[in-house]
Amino acid sequence: MIQFQHVVKRYTPAVCALDDVNLEIHKGELVLLSGANGAGKSTLLKLIYREEEPSSGNVLVEGQNLKSIDGRAVARLRRRVGLVFQEFKLLANLSAWENIALAAEVAGAPRNSARDRALRLLRDLGLESRRNAKPSSLSSGEQQRVAIARALVNRPKLILADEPTGNLDDAAACDTLRLFKDIRQQDTTIVVASHAVDLFNEIATRVVQLEHGRIVADSGGGGAAGWQL
Amino acid sequence: MSAMGFVARRAGHGLRQAFGTFLLTAFVVALTLGVFGGFLLLQLNLEILLRGWGDRLQLTAYLSPTVSAADLDALLAKLKSYPEIERVSHTSQEQAWRDFQAALGPQTGLLDGLPRNVLPASIEITLRPEFRDSAAMEQLTERLKKQKDFTQIDYPQQWVERFGLVVAALQWLKWLVGGVLFLALFFIVTRMVKLAVLGRRQEIEVMQLVGATETLILAPLAIEGFVQGLLGAGGALAILFGVYRLLREDPAGLSGLVPALSRIEYLDGPSIALILSIGVILGMSASLFALRGMVRSWKVYRRARCSSRFCWSWLPAGS
């Protein structure tokens, strides 16, 4: 589903975020990217949803080389990918359901259909009573669930999550983990960049460890069991 | 249809959410455009004033006593056919006498004993506005002098030269002051709209992340810029109308000092259209230029986050 072919990403000549990365992620996998700060986890994710371009090498998503695509194709790609961030990235002036429906409307869904889908997801995630709440009145855990609902609203085949539990307490982090587990059971590919290796080890099918922009360990398709730092 | 509905809803939502900023920006646009419009108003009224003065610039051709009534008609028709002549009017000897008497007023008794045909008949020639200069008048005078029907041709040479200087100065002033004011207007309005737009950077970032195209991001903000510019331009016209009414009604009695104030005119159609167009175009283009930089490169956004303590440092590079 995702291929990295000799990918190098330099922000400046002196700063190399990724150095000759070769990686293939298959459909249905839940891949945990681990590593210290600055190891290149977030850069790797950004290359997949094309917020960054590789300095050299190729990144392919479902066979499409992202190097040569224009702005419209980037937009199309992002509509097929669900994104979850540590800082949630919800719009403060929109309610919970409006934040979710926004992604559906951007993808072309009519207003009513987007609203129905948003409300259904909020119900599934146990947030029905909070549908009209603005992000500022939601707890961190609730905000992250809304962000996950937004990522799911277009039924993507791929979800990318950058430190999704970074701002959450233990209980909310466990909730988030449970959600990812449920999502994976629907045959969705998930790539998570996280420090919380122990937490995601439970559900990850594969762990890829990065260090100074290089892959230094990969548990492969055999799951995360027995994999150690 | 759903995309258009989405764009309209986003624009409406944006206007409601940042209503204070929207009003403040529209107010600044109104004030700045008001100054520019004030200059247009002044220029328009100066032109009207000059046109009035220009109408008084006439050549007086004194007729030979041998010109008969039939000759006079032919002569008037001939003069009217000249391309530089706008209109002609004949003053008979009798009319010239009456005008002179009226001009003398209480001293009219000085004329007692003089024959009523002592003053010559004449033709007052008014030139078209584009020929109201010293050279054109001199040229026409020379042509008329060659005709035996006239004994003398007069025109107020000093007046004509001064008038020409005033017209030329106004033309230069129009471009110079107008240009400077327009540049000031452009910079103030674009900076103001950019500041308002940059406050929406989080929204734009989220829109990009969920897969909105550049058009879908830009369109609602362009509509907001359009409305903002239109409201600002409308405000400027309202301010100018208020000033115009005040000067026209003249509660302070200023027209005693400046008589032209009582005849002041409001902006004409093209000037109103110009102000509305400038407001709308500046509002939209400032939004679009500010946004295009943000949409194309998130480096601007990152710089904004890194140096948010220095509010001016997050203006797009080159802005």
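## Chain A at a glance

Chain A contains seven helices and ten strands. It has 229 residues, and 47% of them count as buried.

Contacts tell us how the chain folds back on itself. If we take the contacts in chain A between residues at least 6 apart in sequence, 67% of them join residues at least 24 apart.

## The six-stranded sheet

Six strands of chain A form an open sheet with mixed pairing, in the order 6-7-8-3-9-10. At its edges sit strand 6 (81-85) and strand 10 (214-218) of chain A, each of which pairs on one side only. On average, neighbouring strands of this sheet are turned by 20 degrees against each other, ignoring direction.

Now look at one pair of neighbours. Strand 6 of chain A runs parallel to strand 7 (residues 158-162) of chain A, and five bridges link the two. Helix 5 (residues 140-152) of chain A touches strand 6 and strand 7, and its direction makes about 165 degrees with that of strand 6. Helix 6 (residues 170-185) of chain A touches strand 3 (30-34), strand 7 and strand 8 (189-193), with an angle of about 150 degrees to the direction of strand 8.

## Where the chains meet

The contact between the chains takes 19 residues from chain A and 15 residues from chain B. On the chain B side, the elements giving two or more residues are helix 1 (2-17), helix 7 (201-209) and helix 8 (214-249). By class, this side has eight nonpolar, five polar and two charged residues.

At 1.5 Å a residue, its 36 residues should span 52 Å, and its end C-alpha atoms are 52 Å apart, so the two values agree.

## How confident is the prediction?

For the model as a whole, ipTM is 0.87 and pTM is 0.69. Chain B has an average pLDDT of 80, and 88% of its residues score at least 70.

Which elements of chain B have the highest and the lowest mean pLDDT? Strand 2 (residues 85-91) has the highest, 91, while helix 10 (residues 299-306) has the lowest, 38. Over residues 297-319 of chain B the pLDDT is below 50, and this stretch has 18 contacts in the model beyond near neighbours in sequence. Where pLDDT is low, the predicted coordinates should not be read in detail.

How values were computed. Residues numbered from 1 in each chain as written. Chains lettered and ligands numbered in written order. Predicted model: local features only at pLDDT ≥ 70, side-chain atom pairs only at ≥ 80, totals over all residues. Contact = placed C-beta atoms within 7 Å. Helix = DSSP H or I, 4+ residues; strand = E, 2+ residues; numbered from the N terminus. Nonpolar A, V, L, I, M, F, W, Y, C, P; charged D, E, K, R; others polar. Buried ≥ 20, exposed ≤ 12 C-beta atoms within 10 Å, placed from the backbone. Pairing = 2+ DSSP bridges. Axes fitted to C-alpha atoms, helices over the stretch in contact; angles between N-to-C directions. Expected span 1.5 Å × (residues − 1). pLDDT = per-residue confidence, 0-100.
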